[in-house]
Amino acid sequence: LLEAAAGIDAAEGHARQAKAWPAPVVGIEREDFNGSGLYHGSALAQTTLSISEPLEIGGPRKARIDASRANVSAAEAQRAQTRVELGYDLALAYAAAEAAAARTALLTQDLDRAREDVRSARALVDAGKEGELRAVQAEAAAAGALAELEAAKAEAVGALARLSALVGARDPFDGVQPSLLRAATRRTVSTGDIPVPPQVVTAQAQRTTAERRVLVEQKRAIPVPSFTLGRRHLAGADEDVWVAGISIPLPIFDRNRGDIAAARAELRAAEARLDAARLDRKSTRLNSSHVALSRMPSS
């Protein structure tokens with residue numbers, strides 16, 4: 001859960017960063033200084049102070065923001081899934097610890113009865129009413145009951161240790177209360193529609209995120225022009241003039257094809273995970289319907 005919460009914080013941080021505009025570039029240039037002839041020294045030097053701003057045209061910023069928002073939704077869905085899965089694991093561990101404790105109690109009673117049988121058999125043997133074999137059999141049964149009890153105690157300690165580890169307890173639990181198994185037996189089987197499981201919700205959110213990342217990578221292939229505006233000082237005439245210009249990169253060597261292909265592959269993987277989650281949900285619904293029908297009384 002802590003990891004999932006940190007994942008949401010990271011996604012929200014990326015979402016805030018996605019909204020940022022490209023940083024302007026401030027530059028200063030000095031030309032025509034320290035040359036030859038008339039340009040010896042700096043009397044005819046030109047000094048230009050300019051600022052350049054990249055222009056994100058074609059929607060790359062919007063695609064980046066949409067992808068970051070989808071990533072936040074996917075992180076939130078992942079946290080919800082983690083919470084459900086943890087609850088499922090806790091329920092199993094809790095029930096296992098409770099069942100182990102109940103089994104230990106039953107085997108303790110069996111051991112008491114077995115020891116009572118040993119005392120009764122020994123008394124009958126001493127009275128001459130039974131043979132020695134009867135006492136040996138009773139002692140063997142008692143030894144078997146003792147071994148089963150020790151194994152059950154070890155299993156109970158392991159179950160409590162697993163439960164303690166799941167909740168991050170520093171000291172292992174020595175028991176569980178109240179009873180989860182009794183509460184579960186009072187539940188009735190519902191034949192209604194099963195809600196969409198968190199695995200499907202998470203897979204859908206991850207698929208949406210992957211789809212929007214493809215668009216982001218496609219937008220990155222669009223050249224980003226930069227507009228420049230500056231003020232130039234002409235030292236020879238002691239005058240100031242304005243300069244402006246626009247530049248655009250030529251996508252000759254880098255068209256972002258590799259990242260686009262990678263994003264499309266991630267989209268296919270997300271779609272496969274979504275299909276798997278939907279198939280798993282379908283099989284769960286079929287199994288639940290089969291169990292509900294099998295529990296119905298026959299006419």
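**Entry 1: Asp32**

I began with Asp32, which lies in the loop between strand S1 (25–31) and strand S2 (46–54). I am working from a predicted model, and I keep that in mind throughout. I looked up the backbone angle phi of Asp32 and found a value near 55°, which is positive in a residue other than glycine. Then I asked myself: is Asp32 buried, partly exposed or exposed? Asp32 has 33% relative accessibility, so I wrote it down as partly exposed, since that class runs between 20% and 50%.

**Entry 2: Asp238**

Next I went to Asp238, in the loop between strand S3 (226–234) and S4. Its phi is near 50°, again positive in a residue other than glycine. The relative accessible area of Asp238 is 55%, so I noted it as exposed, because exposed means over 50%.

**Entry 3: a cis bond**

Which kind of peptide bond joins Gln177 and Pro178? I looked at omega, which is about -5°, and recorded a cis peptide bond. Pro178 is located in the loop between H3 and helix H4 (180–185).

**Entry 4: Ala135**

I then turned to helix H3 (residues 132–167), where Ala135 lies. With a relative accessible area of 1%, Ala135 is buried, because buried means under 20%. Which residues does Ala135 touch, leaving out those up to four places away in sequence? I listed Ala121, Arg122 and Val125 as the contacts of Ala135. I also checked Ser120, which is 15 residues from Ala135 along the chain. The C-alpha atoms of Ala135 and Ser120 are separated by 8.5 Å.

**Entry 5: Ala203**

Ala203 is in helix H5. I found a relative accessible area of 5% for Ala203, so this residue goes down as buried. Leaving out residues up to four places away in sequence, Ala203 touches Arg273, Leu274 and Ala277. How far apart in space are Ala203 and Ala74? From C-alpha to C-alpha I noted 8.1 Å, while the two are 129 residues apart in sequence.

**Entry 6: the second largest pocket**

I looked up the second largest pocket and wrote down about 220 Å³ of space. Which helices each supply at least two residues of its lining? They are helix H1 (2–18), helix H2 (60–126) and helix H5 (198–220). Sorted by kind, the lining has 3 nonpolar, 4 polar and 4 charged residues.

**Entry 7: Asn256**

Asn256 touches Glu217, Arg220 and Ala221, with residues up to four places away in sequence left out. Where does Asn256 lie? I found Asn256 in the loop between strand S4 (239–247) and helix H6 (257–294). Asn256 has 12% relative accessibility, so I counted it as buried.

**Entry 8: rings**

Last, I looked at aromatic rings. How many aromatic pairs are there by the rule used? I wrote down 0 aromatic pairs. I did find a charge over a ring: Arg61 lies over the face of Trp21, at 4.0 Å from the ring centre.

Technical notes: Residues are numbered from 1 along each chain as its sequence is written. This is a predicted model: local features need pLDDT of at least 70, side-chain atom pairs count only at pLDDT 80 or more; totals for chains, interfaces and linings use all residues. Side-chain values use heavy atoms; hydrogens and water are left out. On a 1 Å grid over the protein atoms alone, a cavity is a set of points where a 1.4 Å probe fits but cannot get out, and a pocket is an open set with protein on both sides within 12 Å along at least five of seven lines; lining residues have an atom within 4 Å of a point. Grid points are joined across faces, edges and corners, and a volume is the space filled by probe spheres set on the points. Helices (H or I, at least four residues) and strands (E, at least two) are DSSP runs, numbered from the N terminus. Ala, Val, Leu, Ile, Met, Phe, Trp, Tyr, Cys and Pro count as nonpolar, Asp, Glu, Lys and Arg as charged, and the others, Gly among them, as polar. Buried means under 20% relative accessible area, exposed over 50%, partly exposed in between (1.4 Å probe, protein chains only). Contact means heavy atoms within 4.5 Å. Rings of Phe, Tyr and Trp (its six-membered ring) pair if their centres lie within 6.5 Å; planes under 30 degrees apart count as stacked, over 60 as edge-to-face and the rest as tilted. A charge sits over a ring if NZ of Lys or CZ of Arg is within 6 Å of the ring centre and within 35 degrees of the ring normal.
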